[in-house]
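Here are my notes on the model you passed along.

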2 protein chains.
Amino acid sequence: MATIKDVAARAGVGLGTASRVLNGSTQTSPSSRERVLAAAAELGYVAHGPARALRRTRTDALGLLVSDIRNPFFSELAHAAEQEARAHGYAVLLANANEDERQADDVLRTFASQRIDGLMLSPQGPATPQLASLVERDVPIVLLNRRIEGVDLPFFGTDNEQGVGLVLDHLQRRGHRDVAYVGGTPTMSTGVERARAYLGGRAAHGISTDDALVEAGDFQTEGAAAAMLRILDRGVHPSAVFGANGATTVGVLRALRERLGADAAAAIEVVSFDDFDWFAYASPAITAVRNDASAIGRAAVQGVLALLRGEPAESVRVATTLVDRSGH
Amino acid sequence: MATIKDVAARAGVGLGTASRVLNGSTQTSPSSRERVLAAAAELGYVAHGPARALRRTRTDALGLLVSDIRNPFFSELAHAAEQEARAHGYAVLLANANEDERQADDVLRTFASQRIDGLMLSPQGPATPQLASLVERDVPIVLLNRRIEGVDLPFFGTDNEQGVGLVLDHLQRRGHRDVAYVGGTPTMSTGVERARAYLGGRAAHGISTDDALVEAGDFQTEGAAAAMLRILDRGVHPSAVFGANGATTVGVLRALRERLGADAAAAIEVVSFDDFDWFAYASPAITAVRNDASAIGRAAVQGVLALLRGEPAESVRVATTLVDRSGH
DNA sequence: CTGTTAGCGCTTTCAT
DNA sequence: ATGAAAGCGCTAACAG
C-alpha cells in the first residue's frame, strides 16, 4: 500500500510538501502541487485514516447509536444523518443497540476506542457507565428522541405534544367520544409525554375521560396487543383507538381483529402516532401522525457539529404532520 | 485521556508489560497483571483504536455497504451482520449507498481510508473505481444479494430460483391461470434471476404464457405501479399478480386500487417476492416469499472472516419460505 | 515555499 | 517475565 512517503518520493518533493498538497493546505507551488497530485493518482494513494487520526487527535467520524435500526423511524433518521454528516466532511459510524442496554454500552465502548469526534444516541434507559465516561471526557453528545434522567444534553426529537394535539383535533372533528388509548412505556420520556398530552387534552376535545379506555403497553407489538385486549375485556365499546407509536398500532390492529373479527374491527377507527407507509393499504386505512425522522437526523448532526465548534447546541422539537386517511 | 503509559506508570511496570496484560497476552506475572488491570480500571483507560490500528495494520472493523438502509431487507441484514461480527470481536462500519453509485464510491473511499479489514457490499451496478482498487489491494470482499458483471467474488444472497418455485407452486395450487408479473430491473442480477425462473416455469405450472401479462418495473414502487397500469391498459384480466420484490408489490397494490377501485382490486390475489410484516394486515392479506435477511447477513460475515483467515469463502444461496396468507 | 524532524499511542522485537 | 527501544503513517512546528 502506497504511503505518503512513496508519493513524496515519486513526486520528487519532501514529505511535508506532499502532506501540505494532499491536505489542500495554504501555500504550495503550483509545480509541486501538480506533481504530488499526479503521483498520488498514479499510486492510487489513499491516506491512512488511523495514522491521521493519531496525529491530529480527531477522526472526522461521528457515532450514531440507535435503539433499533430495523425500526423505520431510526433507519430513516440514520440515513438522513449520514447524508448530512457526509456533506460536512464527517463519516458516521452507525450502530444498533437492539433495544438492549448491555449492547448499547458495548457499542459505546467501541466508539470510545475509535475516538469518534461526537455522538448521537437514542438512549435505552438510564445513563450507562460508558455514556457517563464519554460525557466526562467532554465528547460532544446529543440525544435522539428520548431523554435520560438526570443527564442534561441537547435533545433532538419529535414534538410529542404538538403531535398529540393533531390527533385530538382529528378525533374531535370525527366526532369520537369513546376513544381507547394504548400507551407506551411509562419509563420512557416519549411515552410519558404522549400520555400526558393525550390524557390531559381529552376533556377539552369532547372525549370520554373514562379510565377503562386507557392502558399502558410497552411500545412493542406484543405488549400493545395485550393491552388492547385488556381494554376490550372490560366491556367498553370504543369507536376509535389511538396507538401511542407505530408498533403499538400494529398490536392494536391485531388485537381488534383477533377479538372482534375483521368486519367489526374495520368499523373502529384507528389512529397512530408514527406513520408507516403501508397504513394507506390497511383496511380501513389508518390515520397517523408522521414525525419527520429525516429532519431530526439532520438537526442532530448540526447539533453535534455546533458542539464540536464550541458553540452551544439548542434542543429541537420537530413538528409532526397528520396524514388523514379517514376518508378511506 | 489516559494513555497506556499512564496505566503503566500507575501500575509501576514498564510500557511493554502493561500492553501485554491489556492484550491478554501469554506470559505475565499474576502480580503485575493484577496491578495493571487495577490501574486501567481506575484511570478509565480505553485503548486508542487508531494507534492500535496503525501499529497492528488491522482495525478489527468490517465495512458493510448496503443499497438502502431504509429497505427492511437491508436493515435486518445489517442488524444480523452487526451481531454476528460483534460476536467475533469485529465492529461493523455501516454505510448507505442510497441506491446511488457515486455515493457508494464515496463510502468505499472512506472505508479504504479507515483501513477496514473486510467488506460486505450490495453493489449498485457495475464495479466502481474504488471497488476495483479495493479488490486489487486484496481486501476480503463479499457480495450481498446482487452480483457484479465480470467480478468474481463470493456471493451471499437469496435463492431466487427456489423462491420463485414456491410462488409457482402456490399459484398452481390456487388454480390461477392468468397471472400478471411485474418484474424488476433487467440490469440487476436479482431481477434477471427471478424473471427467468418465473417466465420459464409458467408453462409447467399451468400458467398462461401470454406476454401481455408481463412487464418490467424498476424494483421501486413508482415504476412498478406504472408497469402494472400498462398491463391493465392492455385489457387483460389477471386473477393474480406476482410482484418481483417488496416495493414492486406495493406499487402493484396502488395501481390496482387506482385503476379498478378497492373492491375489484381486492378480488385479485397478490403474491410478493419479499415479505413485509404488514402484508398480514393488507386486505386481502398478501402471500409472500420471505427471504431470510438475517441468515444472509450472518453468512456474509462468516464469509469475510473466512477470507480473513486465508480460507476460501463459499457462496451461499439462502433458501426462502412461503408465507401463505391466501386463506385470509 | 519547502525539507527535516519530532512525536501522536500503541505493539512487538530484542535483550536481558 | 519484563524493560527499553523501534517504528507503524501521518501532520505540524521549525528552520531555512
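The points below cover the ground rules, the domains and the interface.

1. First, the ground rules. This is a predicted model, where local features need pLDDT of at least 70, side-chain atom pairs count only at pLDDT 80 or more, and totals for chains, interfaces and linings use all residues. Residues are numbered from 1 along each chain as its sequence is written, chains are lettered from A in the order in which they are written, and side-chain values use heavy atoms, with hydrogens and water left out.

2. Chain A is split into domain 1 (4–52), domain 2 (58–156 + 293–317) and domain 3 (160–290); such bounds come from an automatic or database domain assignment. The centres of domain 1 and domain 3 of chain A, taken over C-alpha atoms, sit 61 Å apart.

3. On to the interface: 44 residues of chain A touch 45 of chain B, with contact meaning heavy atoms within 4.5 Å. About 4,000 Å² is buried between the two chains, and carbon and sulfur atoms give 58% of that. Buried area here is the accessible area (1.4 Å probe) that two parts lose on being put together, summed over both.

4. How many salt bridges cross between chain A and chain B? The rule finds two, taking a side-chain nitrogen of Lys or Arg within 4 Å of a carboxyl oxygen of Asp or Glu. One of them pairs B:Arg86 with A:Asp106, with the closest N and O atoms 3.9 Å apart.
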